[in-house]
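This briefing is for a reader new to the structure.

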Amino acid sequence: MKGLKGRPELYTSYGQDMAFLNTRPKRAWSGGLLVLALVMPFMITDDLLQLLATGFVAAIGAIGLNIVTGYAGQVSLGHAFFLAIGAYTAAALSGPETGRVIGFGITSLPIWLLAAGLVAALFGVLVAPVAVRLRGLYLAIVTLGLVFLGEHVFREWTSLTGGPGVGRPAAVPELFGVRLDQDNAVFTAAQQLYLLMFVLLVIFAVLARNLVRSRVGRAFAAVRDRDLAASVIGVDLTRYKVLAFAVSSFYAGVAGALLFVVNGFFDPGSFNLLLSVQYIAMVLIGGAGTISGAIMGALFITLLPRITRELPTVLPFISGDATGVFTVFQLEAVLYGVLIIVFLIVEPRGLFGIWVRVRNYWRTWPFSY
Amino acid sequence: MDEFLQSLIRGLGTGSIYSLLALGFVIIYKSTQVISFAQPAFMLAGAVLVSYLSPAVSFLGAVVVAAVVIAVLALGVERTVLRPMVGKPVFVVAIITIGVDVVVRVVTNAFIGLDVRQVGDPWGLSTVSFLGAEVQERYLVMIATTAVVTALLFVFFRYSRIGLAMRAVAYDQEVALAQGVSVGSVFALSWALAGGLAALAGVFVATGAGVDQQLWIVALKALPAIIIGGLESLGGAVVGGLTVGVVESLFGTYQNDFAPWLGPNFGLVAPYALMLLVLLVRPYGLFGKKEVERL
């Protein structure tokens with residue numbers, strides 16, 4: 001290894017090439033971002049922290065969708081359904097036993113978080129056999145049907161969900177006897193939730209990254225690129241499609257369980273087709289088939305409403321309230337559509353692709369062209 | 001019996017709306033192998049356009065103008081947004097159409113506002129006696145119009161030169177190109193046809209109750225219809241659409257008596273459940289072709 005000093009990008013083995021942080025700049029960037037994220041709670045206001053915490057949770061969900069859609073190539077419009085399963089499992093487990101809605105009073109965070117993930121994964125495995133038989137757009141429409149059926153069930157099952165327009169409290173985040181959603185002597189609630197979500201995001205992102213650079217991840221990519229060819233070279237299609245759905249649903253369940261913890265309350269109407277489309281947008285705008293892309297996309301989509309809210313001060317023809325000709329709410333909705341179209345046409349690799357281009361420009365600077 | 005007949009006619013009426021939409025989906029799918037999720041937006045835009053035009057140029061005139069305008073709009077979308085994506089994975093193109101749907105729908109919603117707009121149709125909710133049952137006139141009109149439109153489409157595909165070109169493209173794009181068929185114009189034309197059909201469907205949905213911002217949800221019912229019928233079958237689209245309409249309507253009428261545990265309004269999601277059932281038995285729908293694959 002001695003002779004390789006000063007040649008950091010010379011790899012002498014496959015393991016080195018596929019290592020977790022395989023280049024020096026990657027290590028530097030990751031370390032820097034980690035430090036930045038950890039000092040953030042002491043720099044910015046609580047409402048921004050809450051927004052970022054929601055963004056981190058969305059990122060966990062987006063990583064899940066990216067595993068099944070970006071890596072394994074199985075288009076799923078049913079992510080909202082799995083998010084809902086996770087959200088209701090967690091809320092029901094941790095809710096008070098004597099409330100208006102079903103509750104079991106198990107408030108310990110690791111328990112309900114794992115349970116939410118596992119129940120969602122179970123539903124993923126149940127759906128997968130249909131997915132194994134179907135391809136491409138047939139699958140997209142079936143998963144879309146799942147969202148509608150789920151919406152119906154959650155709307156009617158009022159003893160679990162509280163019913164449309166009423167809703168129920170979200171899961172209670174209690175870790176080692178400390179309620180994380182209440183201020184205490186050291187931290188405010190927003191700071192605690194931010195740190196909790198950030199730590200969970202790092203854990204799940206590292207797990208996902210390790211999964212996709214393993215044998216399983218390569219099998220997923222083979223199924224995505226050409227499933228028939230993959231099965232010819234010995235990839236068990238059924239097994240890997242079921243696995244992709246299970247892992248993806250697990251992530252969705254975890255994200256769903258946490259998604260409403262910051263707000264504290266949710267309603268069965270939240271889990272509609274729009275939510276699925278938002279997650280698809282996160283994956284595509286961030287960059288399909290990359291973990292860091294999914295995180296970037298999730299943060300971008302979560303922060304987008306906040307950014308558009310600020311626009312009326314800069315562009316006076318946009319009305320800040322709901323009465324004008326062209327309001328921020330319309331702008332926000334249009335932006336989803338426009339961003340999806342523009343990214344897919346101009347930069348199919350998403351934000352991750354832009355980052356790669358910027359990186360390559362500076363890597364060869366001043367001789368870049 | 002009267003209740004059954006009423007329910008059946010209502011189902012066939014709404015089913016013919018789904019058939020029109022499903023025909024649009026299938027026409028686009030056959031020529032471009034893409035499911036266009038932009039159909040709901042075109043449907044909504046068509047209905048809104050008619051609601052603005054009908055006081056000026058009568059209801060019938062408004063419908064014709066709206067169908068043509070939406071067809072041109074759809075053609076424009078195909079030219080500007082979809083054309084650069086030819087050859088890209090179908091999934092990516094399908095997602096782009098979701099983007100188109102969102103944009104068109106938000107713009108259209110600005111023209112609807114918070115009120116319900118009336119399309120000014122001559123039928124309203126008035127009923128007529130049909131085989132001894134009181135049924136709404138508009139359902140009979142929908143069934144008749146859809147029958148005529150479907151017949152015209154079949155004649156068009158069967159006997160016209162352009163229809164032949166479209167069938168050739170659906171069969172094999174490269175071979176069609178080699179025979180001198182302009183594949184690009186076929187793509188554009190199929191989007192225009194689908195847009196026009198969606199506009200017509202939108203007007204029918206809006207008869208009676210009017211147009212509001214939630215109207216687009218109806219168009220998604222055409223998705224189970226095309227899956228049930230099979231993605232590449234025009235006949236399947238019609239059969240699928242009618243099936244979905246009738247199932248929805250019969251569930252709406254009778255489900256409270258025989259299966260109350262499914263919850264009220266299960267009829268609205270019954271098509272999706274039916275779709276799952278059909279797919280478990282026939283993964284390519286009732287009339288779809290099984291894909292032959294090779295490496």
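Helix 4 (residues 79-94) of chain A packs against helix 5 of chain A at an angle of about 140°, with the axes 8 Å apart (axes are lines fitted to C-alpha atoms, for helices over the stretch in contact, and angles run from 0 to 180 degrees between N-to-C directions). This is a predicted model, in which local features need pLDDT of at least 70 and side-chain atom pairs count only at pLDDT 80 or more, while totals for chains, interfaces and linings use all residues. Residues are numbered from 1 along each chain as its sequence is written, and chains are lettered from A and ligands numbered from 1 in the order in which they are written.

**Helix 5 of chain A**
- Helix 5 (residues 109-133) of chain A has 25 residues, which should span 36 Å at 1.5 Å a residue, and its end C-alpha atoms are 37 Å apart, in agreement (the expected span is 1.5 Å times one less than the number of residues).
- Helix 5 of chain A has a kink of about 35° at A:Val127, shortly before the proline A:Pro129 (the bend is the angle between axes fitted to the seven residues ending at a residue and the seven starting there).

**Chain B against chain A**
- In all, 31 residues of chain B are in contact with 33 residues of chain A (C-beta atoms, placed from the backbone, within 7 Å).
- Helix 4 of chain B gives the most to the side of chain B that touches chain A, with 13 residues (helices are DSSP runs of H or I, at least four residues, numbered from the N terminus).

**Helix 4 of chain B**
- Helix 4 of chain B has 23 residues and reaches 32 Å from first C-alpha to last, close to the expected 33 Å.
- B:Gly113, with a positive phi near 70°, follows helix 4 of chain B.

Key
Two residues are in contact if their C-beta atoms, placed from the backbone, lie within 7 Å. Helices (H or I, at least four residues) and strands (E, at least two) are DSSP runs, numbered from the N terminus.
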